[in-house]
Amino acid sequence: MRSYTFRKIKNRIMVSLAYMALIIALIPLASILIETILRGLPAMNFSFFFEEISPLGEPGGGIGPAIQGTLIVVALASIIGIPIGVLSGIYLAEFRQTEIASIARFLNDVLTNVPSIVLGIFGWTLIVVAIGWSVIAGAVALAIMMIPIVTRTTEEAIKLVPTTIREAAIALGVPQWKTTLTVVLSSAKKGIATGILLAVARISGETAPLLLTILGSRFWFSGFTEPTAALPLAIFNFSQLPIDWPRVWGASLTLILMILLINIIIRYVTREKYG
Amino acid sequence: MKTNKKIPAFLLKLRRIFKGRLSGDSAFRVATMLIACNIFVILGLMLYNIIQNSRLSIQTYGVGFLLGTTWQPFPPNPNVLPSFGALPLIWGTLVTSAIALFLGVPVSLGIALALSEFAPKRFNYIVSFFVELLSAIPSVIYGLWGIFVLIPFLQYNLFPILQATLGFLPIFQGTIRGPSVLTGGIVLAIMIIPTVSAISRDIFAAVPNSQREAIIALGATRWEKARIVMSYGRSGVIGAIMLGLGRAVGETMAVTMVIGNSFNMFTSLFEPGSTLASIVANEFTEASSPPVYISALMEVGLILFALAIIVNASARLIIWRSTRKVKEAEMIR
């Protein structure tokens, strides 16, 4: 039998190691945020957000087209991905015992974990081969990334709706499909909105799928079948040359702020649910 | 009667068949089912398309593709066929992932234990938000931070110390370079921490309290309690680690930016390298000229796809089985 002192000391050491692990994990986070803010803020001014991107290696210029491109691609991906994701989620939750649902649920998890670069390759084989580097190809690749996330969170949100609410509606003679589309969806809407925001936050920072689909450009948006710029792509390109350092941090700060904002909204929405 | 004549006979027949059956409910069910089946179409098409596009490379190089160690899309002698071998890429992927697990898993388990067993609840809520923020940061920003903040620190501070103390090991010999396999592994370790720690925390939280109460009643310390919790959730934690591995294997941008992108069978971790994902990101947009080049990159993507699916599917299976075990144990109680 080990002495009590030995066990107590071991306990102290292991518990403090666990807390130390927490601190170790937060150091990179703090470092990323602080460095981006310190190096990015000086680059930011009014024209930075609205000017065209100057050629690689030439100082000055803004990131206007990149912001515009990201907004357009993400919006288009959401238009494709959200309805498909939400309706699939409804099926998985409402008919959860069916065989199709359990297979689809499993494959959904698989798709969530397909590397993003593979989605880029898929977008390339599907659309770029046919119509060339384009906004549509990028949006499809991002939508495919979005669908499993939205499906999953919609399913979880609907499962949380109390059966009593559903029973009340059915007792009033409302058919099941109408119950689902009105009563159930409206009581699950916060959870679904959270899932959608989560998916949007996730895809707006993605670079790898866009690299193989929208290619990147220096100019303003010029059509859905043309290549376009995007913030993550611009960051990747700027990081290759030393002269672009102020710009790259400005662009990163912009992207982080966008994603942080979405995450804070998510926290706010979910907090209300439990409060 | 007049309108009835205008309806073709087969429609009337259809209406008779479906009369009373085609209610709103079944229509709704079929419609959502068809949409939920998108997943079969997406994954099927993905597999088919990628295989179809890498067929040229598969036919030209066969198994040699997996074992070859040269990557020469434009050979100096134009009469020689371009040669592609993916072994160094597979090697790079395995080594960086192994480093990521070696460094990231202990930290993740520490976090999971701290949050589920040691720390007060209020603290828990705030800290888990920050840990989750780590996973919200885009990988291209990890890469950027890796280039400008992490690499200078590692190259001039940590790596020389490593070489001075552990230099007798072959993996820490040779010239120290900033963009290297070890740097890639360290960035990956940071990136898998949120995944592994969040899932492990949930698994520890699902361990029934009776286990904790029993060991505490025997006079255990907090650490001894944590050990019981860990051994109870062991298989689930293994699943969480596998999911982290899946993330490390597929991670693209951050690794591409810090690994140095050289094609070699490295032996020292200070050497630059490449991974399956990084070579696709790096060369795909420029690989238009020989069709076999793009096909070879497609085959690299196919290997990556297969690797990721195997790792993730087994992770899901392990997690699913372990949570079922916990649920069954609760039901018996």
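In this predicted model, helix α3 (residues 99-112) of chain A and helix α5 (residues 135-159) of chain A have axes that come within 8 Å and cross at roughly 135°. α3(A) and α5(A) are therefore oblique to each other, since an angle over 145 would be needed for roughly antiparallel. The crossing of α3(A) and α5(A) is left-handed. On the side of α3(A), the contact is made by A:N108, A:L111 and A:T112; on the side of α5(A), A:P148, A:I149, A:T151 and A:R152 take part. Sorted by class, the contact of α3(A) with α5(A) holds 3 nonpolar, 3 polar and 1 charged residues.

Along the sequence, chain A accordingly reads α-α-α-α-α-α-α-α-α-α-α. Taken along the principal axes, a box of roughly 65 × 65 × 35 Å is filled by the C-alpha atoms of chain A. Of the 275 residues in chain A, 48% are buried. Sequence separation can be read from the contacts in chain A: among those between residues at least 6 apart in sequence, 73% join residues at least 24 apart.

Chain A also touches chain B. The contact takes 68 residues from chain A and 64 residues from chain B. On the side of chain A that touches chain B, helix α1 (residues 4-40) of chain A gives the most, with 19 residues. By class, the side of chain A that touches chain B consists of 48 nonpolar, 13 polar and 7 charged residues.

Within chain B, another helix pair can be followed. The axes of helix α7 (residues 121-136) of chain B and helix α9 (residues 181-205) of chain B come within 8 Å, crossing at roughly 135°. That angle makes α7(B) oblique to α9(B). The crossing in which α7(B) passes α9(B) is left-handed. The contact of α7(B) with α9(B) divides into 5 nonpolar, 3 polar and 1 charged residues.

Conventions: Residues numbered from 1 in each chain as written. Chains lettered and ligands numbered in written order. Predicted model: local features only at pLDDT ≥ 70, side-chain atom pairs only at ≥ 80, totals over all residues. Axes fitted to C-alpha atoms, helices over the stretch in contact; angles between N-to-C directions. Helix = DSSP H or I, 4+ residues; strand = E, 2+ residues; numbered from the N terminus. Parallel < 35°, antiparallel > 145°, perpendicular 65-115°, else oblique. Left-handed = near helix turned anticlockwise from the far one by under 90°. Nonpolar A, V, L, I, M, F, W, Y, C, P; charged D, E, K, R; others polar. Contact = placed C-beta atoms within 7 Å. Buried ≥ 20, exposed ≤ 12 C-beta atoms within 10 Å, placed from the backbone.
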